[in-house]
Structure formats: C-alpha cells, structure tokens
Amino acid sequence: MSDSVPRASSGARGAAVGILTLLLTVFVLVEVNRPALTPQAQLAAFALFGLPLCFLIRMTPGDPWWRRGLDLLGLVSAVAGCAFVLYWSGLGPTSLGDRAGAETGLDIALGLLGLFGVLAATARVIGPALPILAGLFLLYAAVGPHLPELLFPHRGYSLARIASQGFLQSQGVFGIAMKVMFAYVFLFVVFGAVLQQTGAIRFITTSARRLFMGTVGGAAKVSVVANAMMGSLSGSAVADAATTGTVTIPLMQSTGFTARSAAGITAAASSGAALVPPVMGAAAYMMLELVDPPVSYLQVVQAAILPALLYYVALIAMVHLHARRHLVTAPSDTESEERDEKVPIQAGIVFGVGLVSLVVALIAGRTVFRAVSVALLIVVLASLFHQSTRPDLRKVWASLTRIAQGAAPLVAAAGAVGIILGMVTLTGLGTRFPATVLSVAGEGLLPALILIMVGSVVLGMGLPSAVCYLLMAILIGPVIGQLGVPPLSVHFFIFYFGMMSMVTPPVALAAYTTAGIANTPIIPAALTAFRFALAGFALPYFFVFRPELLLILDGGRGVAGAVVAFLLGSAVVLLLSAGIVGWLFGPLTGPVRAAALAAAALLLWPPAPDEFLALPNVLGLAALAALFLFSYRARQGTAPAIRPH
C-alpha cells in the first residue's frame, strides 16, 4: 500500500526493525479491537512506533556522516515529540487539549521538534516533494499578511500557534490522515504481507501465465492480470509493481517487448491496485471519513468493482492492440513451458480463503478493522495445513520486514498531510478554494470536473496518490454537495485521478520502480506507462455522468443502467485504445484515429436522468460499428511487419 520502496535493513538495524514492527502490529491489533487509550494517544503511540522505522529501514553503512547525523536528529525529534503527546494526551495528569491556546514553552519546543521529525521521516522514505509542500504550508501560515491577493493572504500566525495546530492538537499530525492509517490501512498492510508469505505471489503469476501465455502479447496480459490480482491484496501501486515486476518484466522482455514497454505496462497495471477490491488503497478508507452523507466500507468496495474491471479491460485492450501492431509472432517454446507450469493449489486456497473471509465478514456487518482482524486469523490458521504455506521463522521475519516497508511511508505521509491540513484549517484556505470551484461549477458541471481533474493531476505529479486524494477532497469538500451529483461519484472522480499520479511524470513512483527492474531510463518509462494508462482517463467522467457504474442505483435507470454504463464504458476504452495505439484489425490512418477518439467522446455524453442513451451516444455506437467494419475490411491483404516499439 505504500507509495515508495524503502531499503531493506540488516544486522542490528534489521533486529530493531523487526522488534519495532512486531510491537507496532500487536499494538494496533489490540488497540483497534479493545481500545484503552484516548484517540489522540492512540495516534501518538502509532506514530511513536512507526516514524522511527522510516529512518531505520533507510539507513545503510555507506551513508555519509551528515546523512547519519540528520537521521539521528530526525529520529530523536520524532520520538521525543510523539512520546510527549502520548503522555500528555492520555497518561499525564492533564491533557494538551486542556491548555489549548495557553501552551507552555516546553509544549511549543516539543511541538516544533515533532514537526521537524515528521518532515525528516517523510523526506527519508518518500522523497522531498511532500515535506517541501508541507514546509510551504507552514511558511504560508507564518507570512500570511505579506502575500499578494492571488495567494489568499490572511492575518498570519505565530510559531506557538503553528506548533499547536500542526502537532500538539488533533487537527494536524494526529488528525484524520493518521486516524485512517491507524484504524484501517495498517491492518491491510499486515494482511497483505502475511498473504504474500504463504506463496500467493507464485499462485497469482502462475495462474495468469496459464490463462494468457501462447496468445499474442500474452506476457503483457500476464502482467496486467497478475497486477490486478496482486492489487486485490496489496492496494499499493509500488508494492504491486515491485513484487510482480521482478517476474513479469523479464518475461515480457523475453517475448519481444522492449525494456521501456515492459516497465510502462507493469507500472500502468500496478497503478490500478488502489482500485481493486477488497483491500484497495489508503484513499478508499479516507472516503469513510470524508464522504457526506457517510458511506460504509462495503459501499466503497461495491462502488469500485466495475471501475476496476473497466480499468483493466482498458489495459488489456491497449496491450493487445500494441502487441498486434508490434509483436505479431508465433508463441514460443518458452511461452508453452511457462503455460504448463504447475499452479500452487495450496497457496491459491489460502489466498481465496483470505479474500472470501474478509468479504464475508464485511457483508456480515463487521467493522473494517474487525473484519480484517478475523480474516488475518483465518489466513494464519489456513496456512498451517500444508508445508508449502506453513509459516516458519524465516517467513515470519520476512513478513515483519515487508510490513515495515509498507507501513513506514504511510505513517510518515499521514503525518506530513496532517501538517498541511492543519495549516489549511488554521489559515481559512479550506473555505476559499472551494468558492473558486463553485464559481466554475456555475458555468456547468463539466468545467468544474475538468478543474478538479487538473488539480488532481498537478498535485499527483509530486505526491503519493492517497495524499493527492486527501488534499483535493478536503479542499473541495464543502462544495461537493452543491455539484448536483452523488457525493460518492465526485470522491471516486478525485480518487481515480489521484491514483493516476503513480504514472504521471515527472514523479511517477510506480514507473520509477519498474524502470529500475527493467534497467531503462525513468522518464521514458513513465511516459510509456502514462500512454498505456491513458485509455482509462475517460472513466472517471462516467462515474459522475452515470453513477450506476459505481452501483449507485437510486436513480431511474437502476440495474439496467449499470449494465448499459458498463457496456458503454467498454466501448469507450476500446475506441480510445484503438485511437491511441493506431490499430484495430489493422493499422489506422490519422483521420480514422481522430474519428475513434471523437466517437469515444460521443459515448461519454451524459443522458437525461430517465434515459439510457442520449442521441450522441447512439451516434458514437454507430461510429464504433463503422470503425469495426472499416478496419476489418482494410485488413484484407495486409501483412504487418514486426517493428521496433
């Protein structure tokens, strides 16, 4: 679920990582099921265990002296600040809340130290973009009176007020973002790590190979399906890419794909991990706190089913047409051998039992953390029945390491986002930006959606997907209810474009991961990933114009509307794929490609509330039929050669 890939630890640091991770896991499992601390004390303890991991998993013996010094200073600052908040929010004789606005000098000093520790930890495991953004918001809070009108000036705040809002009270570091990580996301990191240690990865990749190897571009389709299945238990683009990419990228290269294409396909496929039920990404759990009126986790999972399916349909279409255009070759002997590889049935049973038990618990009405706790216990018990899945000390240690690598960036990102949200609340910025969106929405829903999309994509160029979603959802939250569409549709719209940040250059974290595996330059790989994911960029507009695609069936079109929306969505992604790749049954000329893209736009046209199809939709379907007929006839007598791609 993390959006970054930390380094592995070894020796004394490895032991410290394992012990801290074990303590963190036990603490969360106990505290979410049998709470004994106040909410702020829970989050302070969660950060107290999690933030040190950010430094420990990154430290290496070859680090320069200044790096080691900064790590030590950041670690001590984070521990001191979190321990202070833990004591004075649940264990001390009074609470920080009792002296809000009248903090002592010691309070302020520890608050500033805590802010530094959070930013240092974030920079260590995620990179500079997010801590720099948080730092700019801190600066914005301090210099408000001196800003030009364009940058929303305000009266300005002292260091004491900034430290209080950002760290000491419950609207900053220990606010909604940390709450989501603690109450929802961390347990899914544990769940995914344990499932992976049972052999689920080999089951996923082997099953996908048997399904697609031997078809044109089969290796790329294996990557798409394997990443979708892996995403159902990880919810993280980077973890997904790093885990499956080590298998699927060399496989694609061995069947004729270039390193850049292999890296791009895997990155695009892994980016959909946050959309695949039942685990999904951190942003999905943030919806439980942000959507108004409130929705259940089961409603979020239900809403994600068809969009996730359509996203991977779009990718399969893209890689199939790409392979037809560039890699029209006969299946090789290697592909046949891969297809005949034995599927590890025992690991598949554990994988299936884990996901089914999670879904059943949710359907039975269990809370999210109780459902994943039950599913985790069932997975552990099911894994004991066969030697190949049975955990041993080596597997347990590997699971702890994987949990640390997944959890540490999430804790740091939650803290940094909390700082930003605290400053947004303090300065009143959260009420000014929505007014801009609302004024644009007065000119029509589409302009408002385009503005939201641009904001999400721009933020996504430098921030992890969950962070991007949270910031946009908080900023425009006050006006979502005034856009005239179901609030869940708008939240999914933001969520989807935040998810695309994983393949949006220049900071495309999933592509960074796959480029390293494929040994190809990062930016070309990111651009290729963006191109393969491009066919899915139209889907969020369907969420809004046709809410039935999210299985929101309160309108007049009901289940039939959901079926029509899915079929139209499939037609849209097929047209976009053909237009982008320039191939259907054969090569497409420039004007025909433009016509395919125009037909896709016609299919996106929203119908009236009581209609299944608008007139532009009918015209789009007619154009699709004409394109199929034209391309099929044009194929006669063509024999495309294999070309570099």
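A nonpolar surface patch of about 510 Å² is formed by Phe612, Leu613, Leu615, Val618, Leu619 and Leu621, where patches consist of residues with over 30% relative accessible area and no salt bridge, like charges being joined within 9 Å and nonpolar side chains (Val, Leu, Ile, Met, Phe, Trp, Tyr) within 5 Å. The model is predicted, with local features requiring pLDDT of at least 70 and side-chain atom pairs counting only at pLDDT 80 or more, whereas totals for chains, interfaces and linings use all residues. Residues are numbered from 1 along each chain as its sequence is written, and side-chain values use heavy atoms, with hydrogens and water left out. Leu619 lies in helix H26 (residues 615–635), helices being DSSP runs of H or I of at least four residues, numbered from the N terminus.

A search of the whole structure finds three salt bridges, defined as a side-chain nitrogen of Lys or Arg within 4 Å of a carboxyl oxygen of Asp or Glu. In one of them, Asp63 pairs with Arg124, with the closest N and O atoms 3.2 Å apart. Asp63 lies in the loop between helix H2 (39–56) and helix H3 (65–91) and Arg124 in helix H4 (residues 105–125), so this pair ties together parts that are 61 residues apart in sequence.

Key: Areas by Shrake-Rupley, 256 points an atom, 1.4 Å probe, with all protein chains shown as cover. Helix = DSSP H or I, 4+ residues; strand = E, 2+ residues; numbered from the N terminus.
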